[in-house]
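Colleague: I have not looked at this structure before. Could you take me through how to read its features, one at a time?

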Amino acid sequence: MSHLILTGRAAVFALTSAVLASLLMGCNDSSDSSPLVLGDDIQMNQVQYLGSHNSYHVRAQQDLFDLLLAFIPDVAPTLDYTHVPLQEQFDAQGIRQIELDVFDDPQGKLYANRAARTLFGEPAASGIAELDEPGLKVLHVQEIDFETTCYTFVSCLTQIRTWSDDHPGHLPIMVLVEAKDEAIPDPLSLGFVTPLPFGLDALNRIDAEIRSVFPREQLLVPDDVRGDEVTLELAVLTRGWPRLSQARGKIMFALDNGGEPRELYIAGHASLEGRVLFTDSPAGTPEAAFMKRNDPLSDPGDIASLVEQGYMVRTRADADTVQARTNDTTQRDAALASGAHFISTDYPVPNPDFSEYQVTLPGGRVARCNPVNPGPCEERFLD
């Protein structure tokens, strides 16, 4: 009889292992669409996900890039990277966290001209119809680093929704949004556009454009996490984040900016009540739930401490093409070990012109048990 019991337990264990392995399997099945079965009791912050930095970015055309090298030789090399379209990142690279930079353009046409192209005998007008339309625009640096896989915030969001709808049950996707309004020098007096200040109206438009694309049930917003707790921070430090069974198929947004944009976004919305985006707010504030710690080497132990407390953290495995050019994995390895939930990189695949440097999760999975806060997610289930 005891032999039969042990055999039965072994069979249950084998089945459990197989089920949980399928839950967090890697890029060979990037749909993440396994049924809601054993393992979805894991909370979304007990998992680690792979992300991409400036996920829309495409390197400038060679003639313009050569000009940038001549005028800003220290900066141009940092712009030398390209990402595939968002849906390809989700499908082929296992990306579950992306970053979009947005510029305010409520009347349209503000970024429709590209003055630098006149230096090469081309018209300034881009001829891109989307850039004529009102709405937030997605690009890195106006006039000099503007190539992108999706020109408007709405078009980027539509790509995300299309992929999400086609892959029901996928692990949650986090979108980091940076509001940009910095002017840049115009050394050749070409008439570079000056971005509009990113005030409250523009911040409200971020929420409005997200809601115009995604139905409420497809979004994971601060109100969902706070529930009936007094503050958002108290909710994540006590009850914790939603379980995967609640978060699958959903999209979470966060504001990259600190300072004035963050304070404007929070004002009148204590604990981010009614807002779409989480904010990078410091511990001890009602809004504290998500935090950025871009350099995992700068304060050893800081990320792990935040993760252990219950906050969700984004960090970077590399920056400015430096690590890829030298195949330096120091920051990458620290990022993965830190327990940060979102590990952002420009190199989910290597750039062979630089080196074999690449960032993937161990085993090539879409997600893995968080190395600092795994909860009931055990690595033995992922063998």
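Modeller: We can start with a strand. In β6, the bridge partner of Ile-173 is Ile-251. One caution before going on: this is a predicted model.

Colleague: How many bridges join β4 to strand β6, and in which sense do they run?

Modeller: There are 5 bridges between β4 and β6, residues 251-255, and the two strands run parallel. On another pairing of β4, 6 bridges connect it with strand β2, residues 95-103, again in a parallel arrangement. In that pairing, Gln-97 stands opposite Met-174 of β4.

Colleague: Where do the side chains of a strand point?

Modeller: The general idea is that side chains in a regular strand alternate between the two faces of the sheet. In β6, Ile-251, Phe-253 and Leu-255 point one way, while Met-252 and Ala-254 point the other way. All of these residues are buried.

Colleague: Next, salt bridges. What lets two side chains pair in this way?

Modeller: Side chains of opposite charge can pair when their charged atoms come close. A search of the whole structure finds 19 salt bridges. One of them joins the side chains of Asp-80 and Arg-59, with an N to O distance of 2.6 Å. This pair links distant parts of the chain, 21 residues apart: Asp-80 is in the loop between α2 and α3, and Arg-59 is in the loop between β1 and α2.

Colleague: Which other residue forms a salt bridge with Asp-80?

Modeller: Arg-325 does, and the closest N and O atoms of that pair are 3.6 Å apart. Here the partners are 245 residues apart in the chain, with Arg-325 in helix α11, residues 322-326. Arg-59, Asp-80 and Arg-325 are therefore read as linked in a network of salt bridges.

Colleague: How does one find empty space in a model?

Modeller: Rolling a probe the size of a water molecule over the atoms shows where empty space is left. In this structure, a search finds 1 cavity of 30 Å³ or more. The largest cavity holds about 100 Å³ of space. It is lined by 13 residues, and those nearest its centre are Tyr-111, Arg-114, Leu-131, Leu-139 and Phe-146.

Colleague: How much space lies in the largest pocket, and which residues are closest to its centre?

Modeller: The largest pocket has about 520 Å³ of space. Of its 25 lining residues, Ile-72, Val-141, Ile-144, Ile-184 and Pro-185 are closest to the centre. Helix α2, residues 62-71, gives the largest share of the lining, with 4 residues.

Colleague: Last, the surface. Which residues form a nonpolar patch there?

Modeller: Phe-71, Leu-119 and Leu-188 form one, and together they have about 270 Å² of accessible area. Leu-119 is in the loop between β2 and β3. At 40% relative accessibility, Leu-119 counts as partly exposed.

Note on methods: Residues are numbered from 1 along each chain as its sequence is written. This is a predicted model: local features need pLDDT of at least 70, side-chain atom pairs count only at pLDDT 80 or more; totals for chains, interfaces and linings use all residues. Side-chain values use heavy atoms; hydrogens and water are left out. Two strands pair if DSSP finds at least two bridges between them. Patches are made of residues with over 30% relative accessible area and no salt bridge: like charges are joined within 9 Å, nonpolar side chains (Val, Leu, Ile, Met, Phe, Trp, Tyr) within 5 Å. Accessible areas come from the Shrake-Rupley method with a 1.4 Å probe; for residues, only the protein chains shown count as cover. A salt bridge is a side-chain nitrogen of Lys or Arg within 4 Å of a carboxyl oxygen of Asp or Glu. Buried means under 20% relative accessible area, exposed over 50%, partly exposed in between (1.4 Å probe, protein chains only). On a 1 Å grid over the protein atoms alone, a cavity is a set of points where a 1.4 Å probe fits but cannot get out, and a pocket is an open set with protein on both sides within 12 Å along at least five of seven lines; lining residues have an atom within 4 Å of a point. Grid points are joined across faces, edges and corners, and a volume is the space filled by probe spheres set on the points.
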